[in-house]
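Open the model in your viewer and keep the selection panel at hand. We will go from one stop to the next.

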Amino acid sequence: MNTAFHEMPISQPMAEILGRLGLETPKPIQEKTIPLLMEGKNVVGQAQTGSGKTLAFAIPILERINVMNKAPQALVLVPTRELAVQIQQVFSSISLDPKNIRSVSIYGGASKENQRRLMQSGSQILVATPGRLLDFMQEGRIRLDQVKTVILDEADRMFEMGFIVDVKRILSRLQPKVQVGLFSATLPPAIRQVIQAYVP
């Protein structure tokens with residue numbers, strides 16, 4: 001018999017939100033990784049698109065957000081604007097406190113000014129493509145010194161698209177003990193090198 005969400009190490013309010021969305025039983029990637037991420041451990045998950053990996057990291061991130069702190073506390077790096085928007089919508093749909101927990105998606109090909117305004121109002125969760133995030137970091141618009149968790153989603157696609165240098169530059173700017181979650185459909189040598197360097 002499969003574990004139900006309400007039997008997992010998540011809060012009752014979160015389990016109720018998931019239940020209202022018709023989500024009663026976690027998928028395998030969720031069942032395996034949510035407890036580890038909730039404990040603050042690093043995770044490498046090999047998972048295809050559509051496997052449920054977004055909830056696997058979104059639930060622990062939301063559960064551990066400090067609502068009193070408006071600085072970015074979690075960063076999700078993704079390869080495309082479409083995925084950034086999709087993941088940000090997931091965060092919004094299962095937020096425990098929509099008034100006080102804010103997530104923002106930032107990506108290339110869209111107005112920087114609009115994204116600046118969204119960030120200025122305070123966002124604890126950033127979902128970003130590497131290039132646009134680096135642009136804002138170089139402008140001094142984003143500080144990542146309070147990020148506690150970073151997720152690399154669809155890491156193999158990011159590296160295929162040439163973002164490996166940008167990703168490494170971003171990771172080098174985070175605190176040494178930041179929690180890392182890496183999700184990828186495949187684990188080629190370039191990703192294994194990143195895992196060895198950043199996911200001890």
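This is a predicted model: local features need pLDDT of at least 70, side-chain atom pairs count only at pLDDT 80 or more; totals for chains, interfaces and linings use all residues.

**Stop 1: the largest core.** Select F57, I59, I61, V76, F91, I94 and I125. These residues have the most contacts inside the largest nonpolar core, which has 35 residues.

Now colour the elements around them. Two or more residues of this core come from each of α1 (12-20), α2 (28-38), α3 (53-63), β2 (74-77), α4 (81-93) and β4 (125-128). Which element gives the most? That is α3, with 7 residues.

**Stop 2: F91.** Centre the view on F91 and show its surroundings. Neighbours within four places in sequence are left aside here. F91 is then in contact with F57, A58, I61, L62, V76, S103, I125 and V127.

**Stop 3: α3 against α4.** Hide everything but these two helices. Two packed helices are described by the angle between their axes and the distance between the axes. Here the axes of α3 and α4 come within 10 Å, and they cross at roughly 50°. At that angle, α3 and α4 are therefore oblique to each other. The crossing of α3 and α4 is right-handed.

Show side chains next. From α3, the contact uses T54, L55, F57, A58, I61 and L62. From α4, it uses I87, V90 and F91.

How many of the residues in the contact of α3 with α4 are nonpolar, polar or charged? The division is 8 nonpolar, 1 polar and no charged.

Note on methods. Residues are numbered from 1 along each chain as its sequence is written. Side-chain values use heavy atoms; hydrogens and water are left out. A nonpolar core is a set of buried Ala, Val, Leu, Ile, Met, Phe, Trp, Tyr and Cys residues joined through side-chain atoms within 4.5 Å. Buried means under 20% relative accessible area, exposed over 50%, partly exposed in between (1.4 Å probe, protein chains only). Helices (H or I, at least four residues) and strands (E, at least two) are DSSP runs, numbered from the N terminus. Contact means heavy atoms within 4.5 Å. Axes are lines fitted to C-alpha atoms, for helices over the stretch in contact, and angles run from 0 to 180 degrees between N-to-C directions. Angles under 35 degrees count as roughly parallel, over 145 as roughly antiparallel, 65 to 115 as roughly perpendicular and the rest as oblique. A crossing is left-handed if the near helix is turned anticlockwise from the far one by less than a right angle, and right-handed if clockwise. Ala, Val, Leu, Ile, Met, Phe, Trp, Tyr, Cys and Pro count as nonpolar, Asp, Glu, Lys and Arg as charged, and the others, Gly among them, as polar.
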